Amino acid sequence: MIGERIPLMKVNVMQETLNEKSLLNNFLKKYAYRLAQNSTRNSKMAFVPMRNFLDTAYVGNIAIGTPPQQFRVVFDTGSSDLWVPSNFCTSPACYSHITFKYWESSTYRIKGHLAYDTIQIGNLVSTDQPFGLSLEEYGFNGLPFDGILGLNYPNNSILGAIPIFDNLKKQGAISEPIFAFYLSKGTVNGSVLMLGGVDKAYYKDTLGRLRVTLMLFVPLSLSISMKGKLIGCSGGCEALVDTGTSLINGPTRLVTNIQRLIGAMPLGPKHYVSCSTINILPSIIFTINGINYTLPAQAYILKNSQGGCFSTFKGGTEVFKHRETWVLGDIFLRLYFSVYDRGNNRIGLAQAA
């Protein structure tokens, strides 16, 4: 969409979490823009490396146009569109990010309010792909990526455009309508987005299959407990497995109770615990369709560069007024390898290898 703002519902949370400017600058200098060329024997499957920034954002490279212009993006299962900043963006954040120069691409075209061009992800190419060019960006200051690449269903597209994954499927570029995420912990390298198939070496045991619908938020049989006591979803709730969200988000009232139970005290936008308590804090159990997914304190407490230990639970989902809603972001997905089977409308979760 020409001249629009990138939807930033989740970017503001990342901004709070990634408030580490010196570390960001080092990250950006060390890991230059290079399109990933990890190939497989199957030309219709791609392994796209992602870089882990402070355990709160996973960033991969794509190329747009002919010749290709490189961009860092977050691959987001919670949205459906690709957005990057236009070279005509006037927001201060755009001066610290790569912007798209449409006049340099021989394959670029405009139709209505959409931009179209060739997009390359790893060894896969989506031709004549619609995407959004933003003239305004708010909340992107200090973030280690230029744009967002959505992997959700077409009916959730704000642009009214076919998402890249669906276009790859339509054009026969991928062998199977499946993608998967492996997110590393504590190391910059090692995270992978798989498009068109799954490598079983990245997870243990079997995948717990979760049936989903063509909706952004999926009604799941979910309950949340600590020490055997229910602390969330007592009356049923909805959940989203979202790679574009850093934290675990829930209703403010219930999240405040979790902070109280783990002894987390507010300081600015975050809640902090004593780092000495991490090894004795209880695990939190997410039971989804009868399967327990354990989140130990070592996973839901992070340490910042100043040595402070903060909780990764955050409120705010009461804006979805129809039902209690939880968003399971990267904090959860680091522990559980996730497979998105679009052909059968289901999600698979298994303990990450």
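The model is predicted: local features need pLDDT of at least 70, side-chain atom pairs count only at pLDDT 80 or more, and totals for chains, interfaces and linings use all residues. Residues are numbered from 1 along each chain as its sequence is written, and side-chain values use heavy atoms, with hydrogens and water left out.

**Stop 1: the disulfides**

Select the bonded cysteines. The structure holds 3 disulfides, a disulfide being a pair of cysteine sulfur atoms within 2.5 Å. Such a link is a covalent bond between the sulfur atoms of two cysteines. When the bonded cysteines of the chain are numbered in sequence order, the pairing reads 1-2, 3-4, 5-6.

Begin with Cys89 and Cys94, whose sulfur atoms lie 2.0 Å apart in a disulfide. Both Cys89 and Cys94 are buried. The torsion about their S-S bond is about 65°, so the disulfide is right-handed.

Cys233 is buried, with a relative accessible area of 5%.

Then select Cys275 and Cys309, a disulfide with a sulfur separation of 2.0 Å. The link of Cys275 and Cys309 is right-handed, with 110° about the S-S bond. This pair links distant parts of the chain, 34 residues apart: Cys275 is in the loop between strand 19 (270–273) and strand 20 (284–288), and Cys309 is in strand 23 (residues 309–311). Helices (H or I, at least four residues) and strands (E, at least two) are DSSP runs, numbered from the N terminus. Cys275 is partly exposed, with a relative accessible area of 30%, whereas Cys309 counts as buried at 1% relative accessibility.

**Stop 2**

An open sheet of 4 strands has the order 18-19-23-22, with antiparallel pairing; two strands pair if DSSP finds at least two bridges between them. Strand 18 (265–267) and strand 22 (301–303) are the edge strands, each pairing on one side only. From one strand to the next, the twist averages 45°; axes are lines fitted to C-alpha atoms, for helices over the stretch in contact, and angles run from 0 to 180 degrees between N-to-C directions.

Strand 22 and strand 23 pair in the antiparallel sense over 3 bridges. Display Lys303 as well: its bridge partner in strand 23 is Cys309.

**Stop 3**

Now select the open sheet of 4 strands with the order 15-14-20-21 and antiparallel pairing. Its edge strands, each pairing on one side only, are strand 15 (229–232) and strand 21 (291–295). Neighbouring strands of this sheet are turned by 35° against each other on average, direction ignored.

Within this sheet, strand 14 (residues 222–226) and strand 15 run antiparallel and are joined by 3 bridges. Ser225 has Leu230 of strand 15 as its bridge partner.

Technical notes:
Buried < 20%, exposed > 50% of the residue type's maximum accessible area, 1.4 Å probe, protein only.
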